[in-house]
Amino acid sequence: MHVSPVRVAAAFLALSALVMLRASVAAEPGRPILYLELDGSVNPGSADFLVRAIEEAPAKSCQAVVIRLDTPGGMVEATRDIVKAELASPIPVIVWIGPGGARAGSAGVFITIAANVAAMAPATNIGAAHPVAVGPGGSEKPDETMNEKITNDMVAWAKGLAEKRGRNGEWAGNAVAKSESVHAERALELKVVDLIAPSLEDLLKQLDGKEIETAAGKARLATIGAPVQKAGMTPRERFLNALGDPNFAFLFIGLGIVGILAELYHPGTLFPGVLGAVSLAIGLVATRMLPVRTGALILMLVGGALIAAEFFVVTGWGFLAIAGVLCVGVGSFLLIDPTNPDFLVDRDFGVEWAMVLPALLTVAVILGIVVWKVRASRRMPETVGAFGLVGEEGVVVEDVGPAGGLVQVHGELWKARASQPLAKDRRVKVEKVEGLVATVTPKDAA
């Protein structure tokens with residue numbers, strides 16, 4: 001069979017072009033990975049950030065979203081918003097609990113098991129998602145019926161999410177009902193998570209080539225060499241996220257109390273009072289995003305009132321200030337209620353000792369110095385104005401007599417009179433002050 005040289009050359013060129021094209025495609029990096037971080041409580045700010053980023057990722061041609069998670073938990077409604085975004089995402093959402101030492105506590109359990117891929121770094125843990133309600137108004141007597149309803153609702157939600165993603169629904173239910181918590185290796189054995197990855201790089205390496213079922217169908221990941229785009233919060237999201245930090249709330253409430261006290265001690269200064277009022281308002285707004293005990297918040301405000309009263313009660317001797325500091329301190333430690341049924345948080349979620357104790361010690365020292373100064377000043381005789389003139393020495397500026405004259409005392413010019421004429425430059429002593437007129441006698445008088 002005769003083969004035309006032209007056909008051979010054409011075939012060779014076509015094969016060469018195909019090889020070059022394949023080499024070009026292989027060298028081209030994959031679509032980007034959108035990288036998000038949730039490091040702290042689940043609140044309206046962090047939820048808005050994650051939901052917005054997940055919804056915008058497909059429009060940015062991202063092939064997947066990776067969420068690095070380290071949270072003690074947070075608001076139930078905010079958690080539901082994040083979970084809904086994960087379930088509806090047309091591209092894979094991967095949750096990685098990391099780095100080592102991180103946790104997915106309470107609300108973090110739901111966010112993790114709702115992901116298309118769940119991963120953990122070594123030395124991390126997941127679990128303890130049990131909601132515990134208390135009686136109305138934060139009383140110690142719980143409503144068992146309400147507790148059971150809330151727990152059953154959360155158990156059903158956790159099981160449903162786990163089973164939808166092909167994970168251990170029984171463990172997910174126990175994490176809620178029995179507060180079970182497991183480390184990374186055990187979580188992998190129980191099929192709570194899909195893999196263990198010590199770093200983001202290792203995670204992307206393990207994900208490469210995996211086919212994942214999403215809300216829009218199956219998607220194959222090409223993560224090796226894919227660019228990673230880190231998304232950040234908007235100023236609004238960052239502010240709302242900060243409001244979800246108990247330490248933030250404590251800081252602004254404390255700053256508000258101090259500012260208002262400063263205005264009370266020095267009326268008319270204006271700036272401390274305005275700053276205090278704004279800070280207190282921000283702090284109170286922050287408490288709406290936290291599981292706050294109303295009684296503890298009232299205790300803190302009462303403490304501020306007692307501190308203020310100390311400087312208006314002559315016989316207080318510092319006891320009101322001490323009581324005020326104690327009230328603020330106790331209120332700070334009791335401020336966060338981890339058993340609030342509207343939140344899913346670990347029991348250690350609250351205002352940190354490292355912030356409360358230094359703040360209280362600083363305020364106590366300042367109050368001690370101020371109280372001491374105030375007490376000392378009240379025991380000192382008046383040294384200004386008319387009260388400070390009696391017994392003081394001065395010099396005649398204009399001749400003084402029964403009809404009057406001028407003397408200089410304490411560097412001030414005063415109208416004066418004397419029972420006998422006193423010439424200019426004569427040294428005199430003030431005997432008494434009536435209105436704005438001083439009665440003087442010669443300093444050398446017997």
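Helices (H or I, at least four residues) and strands (E, at least two) are DSSP runs, numbered from the N terminus, and two strands pair if DSSP finds at least two bridges between them. The model on your screen is predicted, so local features need pLDDT of at least 70 and side-chain atom pairs count only at pLDDT 80 or more, while totals for chains, interfaces and linings use all residues. Residues are numbered from 1 along each chain as its sequence is written, and side-chain values use heavy atoms, with hydrogens and water left out.

**Stop 1: a hairpin**

Select residues 211-214, strand S10, together with residues 217-220, strand S11. The two strands pair in the antiparallel sense over four bridges, and they form a hairpin with two residues between them. Which residue of S11 stands opposite Glu-213? Look for Lys-218.

A salt bridge is a side-chain nitrogen of Lys or Arg within 4 Å of a carboxyl oxygen of Asp or Glu. Arg-220 counts as exposed at 56%, and Glu-211 is partly exposed at 46%.

**Stop 2**

A search of the whole structure finds 16 salt bridges. Select Arg-68 and Glu-37, whose closest N and O atoms are 3.4 Å apart. Arg-68 lies in strand S2 (residues 64-70) and Glu-37 in strand S1 (residues 33-39), so this pair ties together parts that are 31 residues apart in sequence. Is Arg-68 buried or exposed? With a relative accessible area of 9%, Arg-68 is buried, while Glu-37 is partly exposed at 28%.

Next, pick Glu-237 and Arg-52, which form a salt bridge of 2.8 Å, N to O. Glu-237 sits in helix H9 (residues 235-243) and Arg-52 in helix H2 (residues 44-56), 185 residues apart. Glu-237 is buried at 4% relative accessibility, and Arg-52 is partly exposed at 23%.

**Stop 3: the cores**

A nonpolar core is a set of buried Ala, Val, Leu, Ile, Met, Phe, Trp, Tyr and Cys residues joined through side-chain atoms within 4.5 Å. The largest one here has 81 residues, and Leu-34, Leu-36 and Trp-171 are among those with the most contacts inside it. Helix H10 (residues 246-265) gives the largest share of this core, seven residues. A second, separate core has 18 residues, including Tyr-35 and Trp-96.

Centre the view on Leu-36. Leaving aside neighbours within four places in sequence, its contacts (heavy atoms within 4.5 Å) include Phe-49, Val-65, Ile-67 and Ala-231.

**Stop 4: a backbone detail**

Select Gly-98 and Pro-99: the peptide bond from one to the other is cis, with omega near -5°. Pro-99 is found in the loop between strand S4 (93-97) and strand S5 (103-105).

Finish at Ser-61, where phi is near 65°, a positive value in a residue other than glycine. Ser-61 is in the loop between H2 and S2.

Definitions and conventions:
Buried < 20%, exposed > 50% of the residue type's maximum accessible area, 1.4 Å probe, protein only.
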